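Subject: Structure handed over, with notes

Hello,

Please find the structure below. Notes on what was found in it follow.

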Amino acid sequence: MKLVVIGFGQCGGRVADEFARLNKRARGLRGLDIITGAYAVNTDIADLSGLVTIKSNFDHRILIGNKKTQGHGVGKINELGAEIARDDADKVIETIKNTEQFAETDAFLLIASAGGGTGSGAIAVMTQQLKERYVDKPVYNLIVLPFEHEVATEDRTVYNVATCLKSAYLVADAIFLVDNQRFVMKDASLIRNLARINMLIAQPFFNLLCAGEEKKTQHIGAKILDAGDIIQTLVGWTTVGYGQANTGAFKKMFQSSHNFRNKAKETQKGIQALDAAVSGLSIKCNPLDSKRALYLVSAPANEINVDLVKELGTYIKNMAPEAVIRSGDYPLEKGTMDVTIILSEMTDVEKVNFYFARTISLIADLKKRQEGMVNIQRGIDISIKDIPSLL
Ligand SMILES: Nc1nc2c(ncn2[C@@H]2O[C@H](COP(=O)(O)OP(=O)(O)OP(=O)(O)O)[C@@H](O)[C@H]2O)c(=O)[nH]1
Ligand SMILES: [Mg+2]
């Protein structure tokens with residue numbers, strides 16, 4: 001599957017930069033293209049300059065709203081981010097249309113944080129515009145939710161998240177939710193945390209996107225997972241996870257891969273990788289609630305056997321009994337056994353419900369406070385009404 005990836009704001013731009021790196025890796029390791037174009041769109045010129053892999057020109061690092069922000073961002077006012085995106089949507093879309101392999105693109109992936117201003121405001125507006133112009137290509141969102149400390153201290157963050165999520169839900173074909181807090185390393189600096197999180201966000205997409213693009217016979221699975229399977233799986237709130245099991249240790253213990261004990265061990269490894277993928281899901285969710293699921297197992301060809309695929313299927317069926325499950329295998333020459341999993345069409349995501357409920361009560365509080373302010377203002381007006389004004 002091939003994506004055009006567009007990151008909005010600081011977080012979106014950096015994560016899109018990771019996707020650009022993923023494509024470099026796909027080219028280097030497998031001779032494949034999985035990203036047809038990677039772009040960063042921002043109101044902040046400094047953020048655009050800090051990127052590494054996205055091509056360093058105005059056609060790939062796109063500055064918007066320069067007249068309104070003078071290149072300094074929107075300072076968390078996501079309404080302004082949305083307004084600027086509306087004004088400059090044509091400029092962005094015209095630029096992206098010139099993507100060299102645009103015709104080969106299967107879908108768009110738009111990325112932003114929900115808690116900031118530019119990305120939070122722009123992502124749904126741009127999704128809507130793209131959907132209107134490209135009816136045949138799905139438009140997916142990947143939305144990053146803030147750390148707990150941001151939620152605890154800044155009401156504006158909570159408000160931004162809720163408005164961003166609601167708007168995205170109304171227009172995007174599916175929304176990958178990523179909770180920064182799930183990936184936090186307590187003892188590391190914030191910058192190291194962000195760099196690692198961004199890498200972890202992009203990682204699950206590597207095999208997922210490569211599997212259906214393979215042309216070499218030895219890498220074509222018994223059950224190929226292609227763009228059609230992925231598109232059919234992605235609807236509404238979505239989470240993604242990736243897990244690995246090291247096959248090296250296993251190889252030392254068993255010489256031949258054809259005996260019974262070996263097969264049992266391979267299945268165990270697969271379950272171990274799947275366990276890791278489930279515990280690393282990008283947001284806390286209740287799998288029972290998902291209506292669609294997908295898994296992909298990637299491993300050296302001789303380690304993918306019928307039992308393994310069957311066991312993984314049973315595991316996921318038990319975990320998400322309501323879900324339509326799609327799956328695939330991706331034989332590789334060497335390396336670890338790993339599993340990528342997607343749960344989609346979820347209706348009851350705790351974090352999403354939390355942001356909506358908190359924002360509804362924030363708006364009610366704000367109304368009350370505004371009424372109080374009006375009363376105070378009225379009191380001041382009355383008390384000074386007899387003093388002449390010089391204006
Ligand atoms: N995972 C991840 N989160 C980030 C990164 N940078 C910022 N964030 C999170 O994103 C939120 C802040 O949004 P930004 O993306 O910085 O905001 P913006 O879209 O640039 O908007 P303005 O700066 O307000 O114009 C916070 O919740 C941060 O924790 C990043 O590189 N990776
Ligand atoms: Mg910014």
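How many residues does helix H8 have, and how far does H8 reach from its first C-alpha to its last? H8 has 13 residues and reaches 19 Å, close to the 18 Å expected at 1.5 Å a residue (the expected span is 1.5 Å times one less than the number of residues). Helices (H or I, at least four residues) and strands (E, at least two) are DSSP runs, numbered from the N terminus.

Before the rest, some ground rules. This is a predicted model, in which local features need pLDDT of at least 70 and side-chain atom pairs count only at pLDDT 80 or more, while totals for chains, interfaces and linings use all residues. Residues are numbered from 1 along each chain as its sequence is written, chains are lettered from A and ligands numbered from 1 in the order in which they are written, and side-chain values use heavy atoms, with hydrogens and water left out.

Helix H8

Pockets

A pocket is an open set of points on a 1 Å grid over the protein atoms alone, where a 1.4 Å probe fits, with protein on both sides within 12 Å along at least five of seven lines; lining residues have an atom within 4 Å of a point. Grid points are joined across faces, edges and corners, and a volume is the space filled by probe spheres set on the points.

The largest pocket has a volume of about 630 Å³. Its lining has 32 residues, and Gln10, Cys11, Ser113, Gly116 and Glu150 lie nearest its centre. H8 gives the largest share of this lining, five residues.

The second largest pocket has a volume of about 490 Å³. It is lined by 19 residues, with Thr36, Gly37, Ala38, Lys55 and His60 closest to its centre. Here the largest share, five residues, comes from strand S2 (35–42).

Cysteines

How many disulfides are there? The count is zero, a disulfide being a pair of cysteine sulfur atoms within 2.5 Å. Cys285 is in no disulfide either, since the sulfur of Cys164, the nearest, is 19 Å away.

Regards
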